[in-house]
Amino acid sequence: MRILLLWFIEGYWQFIPPKKRNKCLFKKSCSRHVFDVTKEDGLLKGLKALQYRFKHCRPGYYIINGKEGKLLISARNEVFKSTEINQQILKNI
């Protein structure tokens, strides 16, 4: 089963051009993150990573200036530091 998820992600990378993919809020793209977690830690952790990213990498976020720099508040009200956020998202504000 783990191999199927890895193949699916590799197929996504191969058949969907980067310009047509959704932009990820995170510095490490959602597909890359799920691929790495699945490869290193197995199917269950990969599916949990997929679920987590699917819940948080969505429109409805906002960015605030905090003591530690810019913070992203996800649509589900989780806080992410600027070190975790895609720099293109920070440039567009």
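1. Let's start with burial: 31% of the 93 residues of the protein count as buried, meaning under 20% relative accessible area with a 1.4 Å probe, protein chains only. Bear in mind that this is a predicted model, where local features need pLDDT of at least 70, side-chain atom pairs count only at pLDDT 80 or more, and totals for chains, interfaces and linings use all residues. Numbering runs from 1 along each chain as its sequence is written, and side-chain values use heavy atoms, with hydrogens and water left out.

2. Now the layout. The protein has four helices and three strands, in the order α-α-α-β-β-β-α along the sequence. Both are DSSP runs numbered from the N terminus: helices are H or I with at least four residues, strands E with at least two.

3. As for overall dimensions, the C-alpha atoms fill a box of roughly 45 × 30 × 20 Å along the principal axes.

4. Have a look at helix α2, residues 30–41. Just after α2, glycine 42 takes a positive phi of about 100°.

5. Which residues of α2 are buried? They are Cys30, Ser31, Val34, Phe35, Asp36, Val37 and Thr38. These pack against α1 (2–15) and α3 (43–56).

6. On contacts (heavy atoms within 4.5 Å): of those in the protein with a separation of 6 or more, 46% are between residues 24 or more positions apart.

Technical notes:
Buried < 20%, exposed > 50% of the residue type's maximum accessible area, 1.4 Å probe, protein only.
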